[in-house]
Amino acid sequence: MPRVTAILVARNGADFLERTLSSLSSQTRPPDALVVVDAGSSDSTSAILTSARPTQLVTASAKGSFGASIGQAVHVAVPSGTDDEWIWLLSHDSAPEPRALAALLAAVEIAPSVAIAGPKLMRWDDGDTIARYGETVTRLGASILLVENELDQAQYDSQSDLLAVAAAGMLVRRSVWSALGGFDPGLPTVDAALDFAIRARLAGHRVVGVPSARVASAGGPELFGRRTVSVASITRQHRGAQLHRRMVYAPGLLLPLHWLSLLPVAILRSLWQLVRKQPSAIAGELATAIGTAFSGSIAPARRNLRRTRRLGWGAIAPLRMSSGAARERRINRSSRVHSVTDGPQRTRVGFVSGGGAWVVLLAAVVGVLAFSPLLGASAVTGGALLPLSTTVSELWANVGYGWHDVGGGFIGASDPFAAVLAVLGSLTFWAPSFGIVLFYLVAVPLSALGAWWCATRLSERAWPPAVAALLWAFSPPLLSSMTSGHLGAVVAHVLLPWFVLATLAAARSWSAGAVAALLFAAVTASAPSIAPALVVLLLVWIAVRPMATIRLIGILIPAAALFAPLVVSEFVRGNPLAVFADPGVAAQTGKSTVLQLALGSPNGDLSGWAGSGDLFGLPGLPGPLVAVILLVPFALLSLAGAFLPGTRRSIPSLVIALLGFATAVAATNVSVATIGSHQVAIYAGAGLSLFWFGLVGALVVALDAFGARAALPALVVLIASTLAVAPLIAAPLAGTAAVRASDGSLVPAFVSAEAAQHPGVGTLVLTPESVGALAARVERGTGVTLDDQSTLASTADQLNAGQKSTATLAANLASRSGLDTGAAMKKAKIGFVLLSDAGGDTSGNQTSTATDVRQRAADALDGNSALTPVGDTSLGLLWRYAALPSASVKDATHDGGPLRPVVLAGLGFVFLVTLLLAIPTARRRRGSAVTAGDDERATLGEDDNA
């Protein structure tokens, strides 16, 4: 007659104990003894256990594991002295059905070789669902549950010979328990029963599952004493258990190799976790690798295994699961999970059937026609635009931190926009400047595409997204920025809808969050002035979706890394507002009034209507009045969205518009950059893009509320708004736009020929200004490109030593003096002097004062015996200093300073991690926590990778 001692271990299990103890007392074959263990409970567990009148009551440490508590109970339990003695392992949340113990004993009585028998564990809250039944491992040692959370239809009742069973409800021969040394202390949570069963099989014993024995479980030892366990914690526990078992099971000769591979494999797996969109698992990967490498429990476990092992590993090979079967099992389970958890999707119009493709095609045609003068050009220049460097390596050399040729030359932080330019230039690596030309040609259709997709989140109808796409593509902020050469504002405008889409999805997706982070970095690097508004909107979104705080906060990290060197530099200089300066060339634009900003005009020209009479051959045309009238329908319909059904969508849109408008107004009143003697205000175009985006969103909601009656108001708004930007569309064709096609030359051809042989030769560029001053700068080689520009130089409030020397030389060249200008030019390695055309006032119009300054300077330069006139070029009058020795103008090399590798390493790490997270992978089950009632085993813990 077998003797059974039931060992019940409880820790803060008062909510479960009544049912568990009642189930024990209801057994048709009751245990012969009951030993209960109170493992440091702080609730009423101890009183409940005492009232059950057990054979023995044991008190264990609150820090001990389930296996340690079982071992303590076995030690105090009085042995029967026979080999037919069994111990039945139970936890406070293991409630056996009345025939459970009888079924387990029946299974072991007919098979003397069986040393361990396990029941079918059922869900605590659903007795018809199998929580878990049977365990195995893959070829690489990852633990796998054979059955998990499946409806019990007797489909597994034929499976009895198993590699391992769960600890909860396990019936084990006491002599085997003692011989094997119980559960491994190095496995305090997961895989303790699995390891014990593997050691039992290697000792020559069998392990079986008994489907007719059913035990209700609410989590078992894996969640012992805990209500909830995070997915990251379960992942860490499973990985730690796998590494521990690997080190214990490894042959002695391979143990050093396994030990040396722990950290490198952990690093590779961390990168893989990023690709899998599970960054929370990275800390666990590294922690378990380091913990296993210096664990003191591996050596005792290896000695214990060597002492008890009687069979080779081939004995358990048939019971292992192949990697292919494990992979197929994960795929099938993922499919089942998604078929249940995926809810109904919001119906959206198709891109082709809903007219999106036709709208984008129309925008492409108009955009290419408007900027057709750029077709065939290799570069774009004018306004705030310059060509890019001629090679991709030069583009990326200007990213992060290093040497800058502008402002007299210095080592310092690069503009974040340099990274955006490097990406654009790399798209056409054979001719980087052509990347800007290409972007100009596709900016309008790309804007339409982004707006269309974004609008489909607000409306299920076809009309509103189509109208939104065209209003966004033909908006005054975009076209004004394109015609004035403000490339950063154009990039921000194109990317803004995509950023909003990614940010909305980031609340539930790591991949979308990483994409949003990259887009946020690109938008803010291109238009720093809208960064505060976007951060405010992001904080609001975090408040709305607090469960996604980590993913949403992460959106700021890449941008913070890009801006960090510049922010630190500007704070050190005491000019923190300078970080919001427009990147690239500081260019003057007309100052807009509040009314003009409200009409979407960042340049003070009412989208070209201020001078539209001459453009269209109608001198008496009241352009400003026409501009106001044409935009009235758009404004009224946008504001109407706040009073029509759908205010949950329109009010946030109007809040975005308000933030954008406030940003634009603030920008026009903040001047942080200078051009010669002129202060340059921050360009308002990016803020107006955000303003326009919010208004378009509210208009979409209004059109959606109109339903089938939306066609007429949509057509009126669309026609009127398109006419409102007609002067901007016509400007490139009429030649009145600031931007123009270019061959990429920044200096006269004569200088370029010399620079090809001597890249270090300098050109002193003199620009007459309307205030009677003469601006001077030195350009090396073939000239300063757009990616060479620096906010540190354009916002400097003091001249450095190089700039002072340049100013002194320019003043003496432009007037008769006793200075030996030849010696000064030789020292500064200046071989040419270029007197450009007269500069204009703040609106760009030439003045007679500037013309007079230019004439006086030309006369002085002609009279300088050290200079040889070259002649009039497309860029101005040119003189050569022929006495400059060729050997003195070799290209100087600059290492970028000691901080450059540090900055580049930091940026590389941040963006590598972000890019890995952004790579889309197969959909997976999401969850933030596993509760004791759910009895979940995270899929993360079943990774079959090394």
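Modeller: Lysine 120 and aspartate 152 are both buried, and in this predicted model they form a salt bridge whose closest N and O atoms are 3.2 Å apart. The pair links distant parts of the chain, since lysine 120 belongs to strand 6 (residues 114-123) while aspartate 152 sits in the loop between strand 8 (143-151) and strand 9 (171-173), 32 residues apart.

A second salt bridge joins glutamate 97 to arginine 214, with 3.0 Å between the closest N and O atoms. Glutamate 97 is placed in the loop between strand 5 (94-96) and helix 4 (100-109), and arginine 214 in strand 10 (residues 206-217), so this pair ties together parts that are 117 residues apart in sequence. Glutamate 97 is partly exposed, at a relative accessible area of 34%, whereas arginine 214, at 19% relative accessibility, counts as buried because the limit for that class is under 20%.

A further salt bridge, at 2.8 Å from N to O, is made by the side chains of glutamate 285 and arginine 269. Here glutamate 285 comes from helix 9 and arginine 269 from helix 8, so the contact ties together parts 16 residues apart in sequence. Both partners are covered: glutamate 285 is buried at 2% relative accessibility, and arginine 269 is buried with a relative accessible area of 7%. Salt bridges that share partners join Glu97, Lys120, Asp152, Asp157 and Arg214 into one network, and the structure holds 18 salt bridges.

Helix 8 (255-275) and helix 9 (282-293) each supply at least two residues of a nonpolar patch, to which helix 8 gives the largest share, 6 residues. This surface patch, with about 980 Å² of accessible area together, is formed by Trp259, Leu260, Leu263, Ile267, Leu268, Leu271, Leu286, Ile290, Phe294 and Leu912. Leucine 268 lies in helix 8 and counts as exposed at 58% relative accessibility, whereas arginine 269 is buried.

Charged groups also meet aromatic rings. The charged end of arginine 19 sits over the ring of tryptophan 124, 4.4 Å from its centre, and that of arginine 551 sits over the ring of tryptophan 510, 5.7 Å from its centre.

Phenylalanine 371 and tyrosine 440 have ring centres 5.6 Å apart and planes at 85 degrees, so they are edge-to-face. Phenylalanine 371 is in the loop between helix 12 (356-370) and strand 12 (379-381) and tyrosine 440 in helix 15 (residues 432-455), 69 residues apart, so that the pair links distant parts of the chain; both residues are buried. Another edge-to-face pair is that of phenylalanine 750 and phenylalanine 832, at 5.8 Å centre to centre and 80 degrees between the planes. Phenylalanine 750 lies in helix 30 (residues 749-757) and phenylalanine 832 in strand 20 (residues 830-835), so the contact ties together parts 82 residues apart in sequence.

Note on methods
Residues are numbered from 1 along each chain as its sequence is written. This is a predicted model: local features need pLDDT of at least 70, side-chain atom pairs count only at pLDDT 80 or more; totals for chains, interfaces and linings use all residues. Side-chain values use heavy atoms; hydrogens and water are left out. Patches are made of residues with over 30% relative accessible area and no salt bridge: like charges are joined within 9 Å, nonpolar side chains (Val, Leu, Ile, Met, Phe, Trp, Tyr) within 5 Å. Accessible areas come from the Shrake-Rupley method with a 1.4 Å probe; for residues, only the protein chains shown count as cover. A salt bridge is a side-chain nitrogen of Lys or Arg within 4 Å of a carboxyl oxygen of Asp or Glu. Helices (H or I, at least four residues) and strands (E, at least two) are DSSP runs, numbered from the N terminus. Buried means under 20% relative accessible area, exposed over 50%, partly exposed in between (1.4 Å probe, protein chains only). Rings of Phe, Tyr and Trp (its six-membered ring) pair if their centres lie within 6.5 Å; planes under 30 degrees apart count as stacked, over 60 as edge-to-face and the rest as tilted. A charge sits over a ring if NZ of Lys or CZ of Arg is within 6 Å of the ring centre and within 35 degrees of the ring normal.
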